[in-house]
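Visitor: I've got a model open on my screen and some questions about its rings and pockets. Could you walk me through it?

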Amino acid sequence: HSGVASSVAFSPTDGLALASASWDGSCRLWDMTRVSGRARMEGHEGKVYSVRFSPDGRRLLSGGEDNTARLWDPRLSRCVRSLCGHSDSVTHAEFVAPEGRRVLTASADHTLKLWDVRAGAE
């Protein structure tokens with residue numbers, strides 16, 4: 001990262017992958033067996049404050065300064081869904097259902113929002 005590393009999360013499936021978020025606007029996926037980067041995901045405009053793995057380890061969830069939470073496919077290094085609805089930075093995002101279908105976001109706009117990932121809506 002070229003900015004502050006703001007959040008890290010280990011893969012829940014094997015612990016060998018690490019995701020990181022940074023104020024440089026990116027999320028990265030790291031291979032802990034070689035301590036090397038595997039993927040770089042860019043799309044947030046501004047700082048990324050939070051990153052989490054889905055329960056099955058196949059998706060990443062990030063929250064950022066651009067008022068969005070984003071769902072990523074790290075194998076393709078691309079955003080597959082943006083969750084838009086906050087009026088200020090998303091400071092934290094977390095999967096809340098074991099199957100990974102619901103996400104909770106916390107924002108500097110003083111709200112929490114519960115999202116249906118498939119629909120991309122509250």
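**Pockets and rings**

Visitor: How do the residues lining the largest pocket divide into nonpolar, polar and charged?

Guide: This is a predicted model, where local features need pLDDT of at least 70, side-chain atom pairs count only at pLDDT 80 or more, and totals for chains, interfaces and linings use all residues. Residues are numbered from 1 along each chain as its sequence is written, and side-chain values use heavy atoms, leaving out hydrogens and water. Ala, Val, Leu, Ile, Met, Phe, Trp, Tyr, Cys and Pro count as nonpolar, Asp, Glu, Lys and Arg as charged, and the others, Gly among them, as polar. For the largest pocket, that gives four nonpolar, two polar and seven charged.

Visitor: Which two residues form the aromatic pair?

Guide: The whole structure holds one such pair. Ring centres (six-membered ring for Trp, plus Phe and Tyr) must lie within 6.5 Å, with planes under 30 degrees apart called stacked, over 60 edge-to-face and the rest tilted. Here it's edge-to-face, at 6.5 Å centre to centre and 80 degrees between the planes, and the partners are Trp23 and Tyr49.

Visitor: Is Trp23 buried, exposed or partly exposed?

Guide: Buried means under 20% relative accessible area, exposed over 50%, and partly exposed in between, using a 1.4 Å probe and protein chains only. Tyr49 comes out at 23%, partly exposed. Trp23 has 37% relative accessibility, so call Trp23 partly exposed.

Visitor: Which residue lies over the face of Trp23?

Guide: A charge sits over a ring if NZ of Lys or CZ of Arg is within 6 Å of the ring centre and within 35 degrees of the ring normal. At 3.9 Å from the ring centre of Trp23, the residue is Lys47.
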